[in-house]
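Open the model in your viewer and keep the selection tool at hand. The tour below goes stop by stop.

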Amino acid sequence: MGDIDGNTLLARSLKEQGVEYVFGIVGFPVIEFGMACQMEGLHYIGMRNEQAACYAAQAIGYLTGKPGVCLAVSGPGFLHTVGGLANAQINCWPVLVIGGAVAQDHEGIGGFQECNQVELARPYCKYSARPPSVPLIPMHVEKAIRLTMYGRPGAAYLDLPANILSQRVLEEIVPAQYKVGPIPVIYPQPSLIEKAANMLIQAKRPLVIVGKGAAYARAETEVTNLVNYTNLPFLATPMGKGVVPDVHRNSIAPARSLALQQADCILLIGARLNWILHFGRPPRFSPDVKVIQIDICAEELNNSVNSAVAIQTDIKPAILQLLQILESRKYVFDRKNDWWNQLNKKCSDNRSGAQAMALDVSTPLNYYAVFHHLQQLFPQNPIIVSEGANTMDIGRAVLTNNLPRHRLDAGTFGTMGVGPGFAIAAALWCRHYAPNKRVICVEGDSAFGFSGMEIETMESGEGTRTVPPTTLAFSTRYEKMMELFGKQGHFCETIPELQNAVKAALSVEDSPSIINIIISPSADRRPQTFAWLTESKL
Ligand code: ADP
């Protein structure tokens with residue numbers, strides 16, 4: 001056995017715990033760690049902003065059930081990830097952020113990008129910690145990854161000071177580390193499932209609501225079987241779409257308001273009664289509605305309304321058991337009864353309203369017309385990423401999802417700017433798991449602006465194990481961004497071109513200019529007497 005440095009041990013630990021993707025931006029002190037990730041066989045995707053990198057990492061977490069890693073430098077880089085951390089934690093998606101930090105002997109004396117990152121991350125994490133020494137890195141990685149996935153999924157943060165990343169230790173003093181075990185399955189209490197079945201059987205106006213928890217739980221077969229057998233009407237939340245196909249005849253999406261308002265019994269599967277579902281309260285819900293709540297998180301039970309039956313359980317076993325009881329009682333909800341008639345009528349009335357708008361192609365175009373025509377051109381079952389208020393709301397109603405985890409949007413936190421990062425993650429997922437599938441990112445103008453530069457990440461998306469983490473595209477034509485406004489930018493490779501460009505730019509008042517100057521990728525500072533920032537004594 002030889003010795004090993006913190007960078008390699010950290011990368012190796014991530015690989016051993018099943019991490020596949022690292023998204024980030026490298027710089028001091030995490031450049032070598034980015035390289036170590038690739039050496040250990042992880043995919044590294046260099047992005048344009050850490051926030052978008054964090055969105056990408058959590059989308060991979062949602063799509064694969066294993067957290068992606070977001071890598072950031074200390075201080076500002078780390079702080080950019082906080083919006084992403086919060087978004088993951090609030091969406092209940094697994095993600096692990098790794099932040100470089102100032103060397104410990106520079107702490108407290110104004111170190112470069114010194115920042116109390118562990119405390120800043122803590123409110124948005126299930127686990128936020130700094131491994132105190134190199135040999136303890138694997139233990140903290142295991143714990144962080146485990147907490148992102150076990151129980152209700154969420155975010156974790158690990159803080160790595162420069163001196164710990166670069167320090168070498170004998171491999172023999174690193175304690176052996178076990179792999180994160182399989183996610184424990186939580187089974188429902190049978191008497192509660194029995195109670196839920198009785199309640200559904202007695203309901204006059206039952207409704208199933210399918211949330212993104214059901215998508216995360218990969219419970220599509222169980223939930224679809226339940227709907228098929230019982231013939232119950234269902235509604236999906238935005239990211240619950242596709243768990244049961246949108247085209248399923250029991251989908252009553254166009255009658256959403258009526259269904260919520262008049263249902264007397266709601267089977268709530270992996271969805272919270274938060275703002276997205278109007279808190280489960282009047283006037284949007286009946287004051288007498290009986291909620292059968294199925295959620296893995298005990299603390300979520302009875303939140304906002306007192307559920308008639310609140311069951312802490314994984315969705316799959318709960319729905320399986322519920323269906324078994326309903327089948328044994330031969331319970332099928334009759335399609336000819338009043339509730340179905342009411343819902344069907346409302347669906348067809350509302351569909352014709354939307355259809356009229358979809359066919360109105362006068363310009364400037366309206367959303368319904370655009371989405372209707374987009375939908376006709378979409379390939380089969382794309383992953384649809386969507387953000388922007390109207391873009392998302394109207395798109396949700398018009399664009400269909402017939403497969404689970406095929407819609408990614410601003411989510412529970414209503415975060416704008418998630419789109420490009422989500423799309424990058426979805427495209428990587430497709431590359432490895434569904435090569436013929438397409439990703440379509442439907443962005444509102446404002447939403448696009450938040451992370452629009454990630455278009456460059458999309459363009460240079462190859463070589464995730466080979467292109468060095470510090471690499472940026474050599475000659476991206478940034479000056480062409482001026483053409484967005486009908487103006488010219490300047491592209492320079494020589495000093496005369498540079499001189500002309502500067503003169504031209506300064507001659508124009510009250511307008512921005514872009515001068516894009518190509519510098520040799522091997523150009524660097526002249527040799528320095530002292531190593532910059534790396535003279536930590538630890
Ligand atoms: P939506 O936005 O679609 O309404 P939410 O994110 O509000 O969905 O709710 C998802 C819920 O699903 C969370 O309360 C979460 O605890 C729960 N959940 C996640 N995974 C599972 C699982 N495997 N089994 C049961 N519930 C789960």
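Start with helix 2, residues 31–39, and pick out its buried residues: Phe 33, Gly 34, Ala 36, Cys 37 and Gln 38. Keep in mind throughout that this is a predicted model.

Then step past the end of helix 2 to Gly 41, which has a positive phi, near 95 degrees.

Next, select the ligand. It is surrounded by 19 residues, and the closest are Arg 152, Lys 212, Thr 237, Arg 272 and Asp 295.

- Lys 212: a polar backbone atom is 2.7 Å from an oxygen atom of the ligand.
- Asp 295: a polar side-chain atom lies 2.5 Å from an oxygen atom of the ligand.
- Asp 314: an N or O atom of the side chain is 2.9 Å from a nitrogen atom of the ligand.

For the last stop, select helix 13 (residues 338–359) together with helix 14 (residues 367–377). Their axes come within 6 Å and cross at roughly 85 degrees. Helix 13 is therefore roughly perpendicular to helix 14.

Which residues meet where these two helices touch? From helix 13, show Ala 354, Gln 355, Met 357, Ala 358 and Leu 359; from helix 14, show Tyr 368, Ala 369, His 372 and His 373. Colored by class, this contact has six nonpolar and three polar residues, with no charged ones.

Note on methods:
Residues numbered from 1 in each chain as written. Predicted model: local features only at pLDDT ≥ 70, side-chain atom pairs only at ≥ 80, totals over all residues. Heavy atoms only, no water. Axes fitted to C-alpha atoms, helices over the stretch in contact; angles between N-to-C directions. Helix = DSSP H or I, 4+ residues; strand = E, 2+ residues; numbered from the N terminus. Parallel < 35°, antiparallel > 145°, perpendicular 65-115°, else oblique. Contact = heavy atoms within 4.5 Å. Nonpolar A, V, L, I, M, F, W, Y, C, P; charged D, E, K, R; others polar. Buried < 20%, exposed > 50% of the residue type's maximum accessible area, 1.4 Å probe, protein only. Near = heavy atom within 4 Å. Polar contact = N/O pair within 3.5 Å; in protein donor to acceptor, adjacent residues only side chain to side chain.
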